[in-house]
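I opened a new notebook page for this structure. Here is what I looked up, in the order I went.

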Amino acid sequence: MKKLITVLMAVAFVCTILGSVAWADAFPRSWLWDTNALKMVDTSKYKKKPPYVIGFSNASVSNSWRVYFDLQVKAEADNQKDVIKKFYVTDANDKPDKQIADVEDLVAKGIDLLIISAATMAALDPIVTRVMKEGIPVVCVDRRVKSDNFVSFVTSSNYTQGRMQMLWLCEVLKGKGNIVMLGGFAGAGPAEERIDGAKEILAQFPGIKLLDLQYANWSPAEGKKIMAALIQSYGKKIDGVWGDGLQVSGAMEAMNEAGIKVPVTGDHLNAFIVRAQEMGFPAMSIDFPVSMGADSVLTALKILNGTPVPFIVDVPRTIITTVDTENVKSDMPWSDMAHKDWPDDSWNNTLPPKWLPK
Amino acid sequence: MQALAKGPAVRSPVSLSSAFEKYGIYIFLGLLFITASLISPQFLNPQNLKDILNQAAALGMVAIGQTVVILIGGGGLDLSVASVMATVAVIVAHNTRGQDALFFPVALICLVFGLLVGLANGILITKRKVQPFMATIGMMIIIQGLRFLYTGGAPKGGFPPILRFLGTGSIGPVPMSIFSLAILAVIAVIVLHKTTLGRQIYVIGGNIETAYLSGYRIDLVITVVYMISGFTAAIAGLYLAGYIGVSDNWVGKGYELDSIAAVVMGGTSFAGGRGGVMGTIVGVLIIIMLYNLVLLLHLPVQVQYVVKGAIIILATSFYAMFRKST
């Protein structure tokens, strides 16, 4: 037995050495998973007999991602109506002060559990903390509050998203070339976290040069305007484009007009997936899944059932590519997710057909 | 003030400072153009100039309407334009489903929509005496809400090839969109300087008492002015949608403030009655060129906000300096 361990360690050591030599064009996907995700929370003290009254305080439905996310929450609550007696939904219009009042209203209505997607991390923290102190369990979804005063946070790691996108881009370029990055809103949590994650991976590929990083506000219009100028600036020197959202669909328009077809990354926005296929861009997409809305309801029910839940629920996400690389492979054919009959601004989802926006 | 209202009656001898006030913006544009071509080798690239013109078209169209609204004075401005643009884009995408056959009837509906929004703004301002700022901001929010109800948050459909051609195509070396902007600008100049309506706009903006004593139908003119703004915003929305090619709930976001900035840079006074469309077009070109230059120089795109803000302040203080002395 001892001998076996020694041999295994020796093999592992050799592999590491060999691995570090081959680093320039490959990177193990498994390193990217978050090992903290499995910290479980005991929820026995919240155990209650159904049927339940649950409140959902949403930050807003001001963009299409939030609309689909909101529908996923409602659809799952509807699906569970044999155990959920009453499901209240509030919309704070992106205003923290309105959301604080919303939460107070929900508590006054006698909810058994609060699901919240917080407008800002800091402003909602005191009220969420107070709700927890009153013995009402809180599930944060999509956006958390600053302190750890909640039972579970249902999300998907933005760092992972940025890393995966960059890993694919670097590998598809075989570790050599020039790229530009198009971020979301400067200073917005998800935008910065994805950029940070991407840069961590970029640092492992010395042959790839970052020409420019610009923020395109998750807007196709900005994406197109900025990309048009970058094309003038760098022209054929651009070998790939890293992006994390709506701006990439605009950037592809600019590149298409200039006759440039370089690899691009994005997320599961229908406009991006359909156009990448139509225009023939090598592409990779990973989502920040709207289905986390449904997962938040399922997590809530587990808590009220006294079942332990992870402190951070990292919801499953899919990766699709038009061309696979060594460590980033498509979970399904690209065309399966390109819905030509869906709106441009729709997101890949797990909604039952009757819940899809008409 | 009223002596400065455009009219053949009084013509003071052209002084150096008034010429400077009038043509300063053109000189600035020229200097900016020369500086840009010196510091960035890519600036004069034909494709880059074409990009600038293509991007200037939609902003120019909104700014024409905005100019007329600001000319009327009395705190006139139109904050609902960006909301009109986005709604028009959504209406086109929804109803044409990307087919040319339906484009013209749907485009007509869009223009009527723009006119109706302007009519509502005009009625609120003239009949209900709501401040233009409040009336148009209220309208902006109402249209936003209606748009979200209409689309359910996710706009459907796509843009027909004709619209894509209008937004991105060109006739010879001239982008189609800039060609359309030029036509619109010429019409606006003719309306403002050669018609009764235009004269009335300048007189009302210059001195509303005079206009009242002259027996002008002030309420009607003001309402028409807001309808012009709604109309040009609808056209701009169509062109911008054609340029971007992706239907989005926020097409034209930020154009309300950019158009006001262009108008003010172009020398149209917030007090009304003074300025015109050509200055505004120059203001638009300055805004777009600055944006382009910031990116060509590899500066973070946020720098453009600092530069834009500085230029707006610079321009207004420049005009204030000359106007106080006259």
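My entries on chain A and chain B follow.

**Entry 1: what I am looking at.** I note first that this is a predicted model. I began with the make-up of chain A. I found eleven helices and 14 strands in chain A. Chain A has 358 residues, and 57% of them are buried. I then looked at contacts in chain A with a separation of 6 or more; 73% of these join residues 24 or more positions apart. The accessible surface of chain A is about 14,900 Å². Carbon and sulfur atoms hold 59% of that surface.

**Entry 2: a sheet in chain A.** In which order do the six strands of the open sheet in chain A stand? I read the order as 3-2-4-5-6-13, with parallel pairing. Strand 3 (84-91) and strand 13 (312-314) of chain A are at the edges. Each has a single partner strand, so one side of each lacks a neighbour in the sheet. From one strand to the next, the twist averages 20°. I reminded myself that strands of a sheet pair through backbone hydrogen bonds.

I picked one pair to follow. Strand 2 (residues 52-58) and strand 4 (residues 113-116) of chain A are joined by four bridges, in the parallel sense.

Helix 2 (residues 64-79) of chain A lies across strand 2, strand 3 and strand 5 (138-141) of chain A. Helix 2 of chain A runs at about 180° to strand 2 of chain A.

**Entry 3: strand 9 of chain A.** I moved on to residues 240-243, which form strand 9 of chain A. A:Gly240 and A:Trp242 point one way, while A:Val241 and A:Gly243 point the other way. All of these are buried. Strand 9 of chain A runs parallel to strand 7 (residues 177-183) of chain A, with four bridges between them. Opposite A:Val241 I found A:Val180.

**Entry 4: a surface patch on chain B.** Which residues form the nonpolar patch on the surface? I listed B:Phe20, B:Tyr23, B:Tyr26, B:Ile27, B:Leu31 and B:Met278. Together they have about 580 Å² of accessible area. Helix 1 (residues 16-39) of chain B gives the largest share, five residues. I took B:Ile27, found in helix 1 of chain B, for a closer look. Its relative accessibility is 43%, so B:Ile27 counts as partly exposed.

Entry 5: B:Thr151 is in helix 5 (residues 132-151) of chain B. Buried or exposed: how does B:Thr151 count? At 1% relative accessibility, B:Thr151 counts as buried. Not counting residues up to four places away in sequence, B:Thr151 touches B:Val90, B:His94 and B:Asn249. I also checked B:Met61, 90 residues from B:Thr151 in sequence; the two are 25 Å apart in space, C-alpha to C-alpha.

B:Asp248 sits in the loop between helix 10 (218-244) and helix 11 (255-265) of chain B. The relative accessible area of B:Asp248 is 9%, so I put it down as buried. Beyond its neighbours within four places in sequence, B:Asp248 is in contact with A:Pro220, A:Leu246, A:Asp345, B:Val90 and B:Pro155. B:Ala154 is 94 residues from B:Asp248 along the chain, yet their C-alpha atoms are separated by 7.7 Å.

How values were computed
Residues are numbered from 1 along each chain as its sequence is written. Chains are lettered from A and ligands numbered from 1 in the order in which they are written. This is a predicted model: local features need pLDDT of at least 70, side-chain atom pairs count only at pLDDT 80 or more; totals for chains, interfaces and linings use all residues. Side-chain values use heavy atoms; hydrogens and water are left out. Two strands pair if DSSP finds at least two bridges between them. Helices (H or I, at least four residues) and strands (E, at least two) are DSSP runs, numbered from the N terminus. Axes are lines fitted to C-alpha atoms, for helices over the stretch in contact, and angles run from 0 to 180 degrees between N-to-C directions. Contact means heavy atoms within 4.5 Å. Patches are made of residues with over 30% relative accessible area and no salt bridge: like charges are joined within 9 Å, nonpolar side chains (Val, Leu, Ile, Met, Phe, Trp, Tyr) within 5 Å. Accessible areas come from the Shrake-Rupley method with a 1.4 Å probe; for residues, only the protein chains shown count as cover. A salt bridge is a side-chain nitrogen of Lys or Arg within 4 Å of a carboxyl oxygen of Asp or Glu. Buried means under 20% relative accessible area, exposed over 50%, partly exposed in between (1.4 Å probe, protein chains only).
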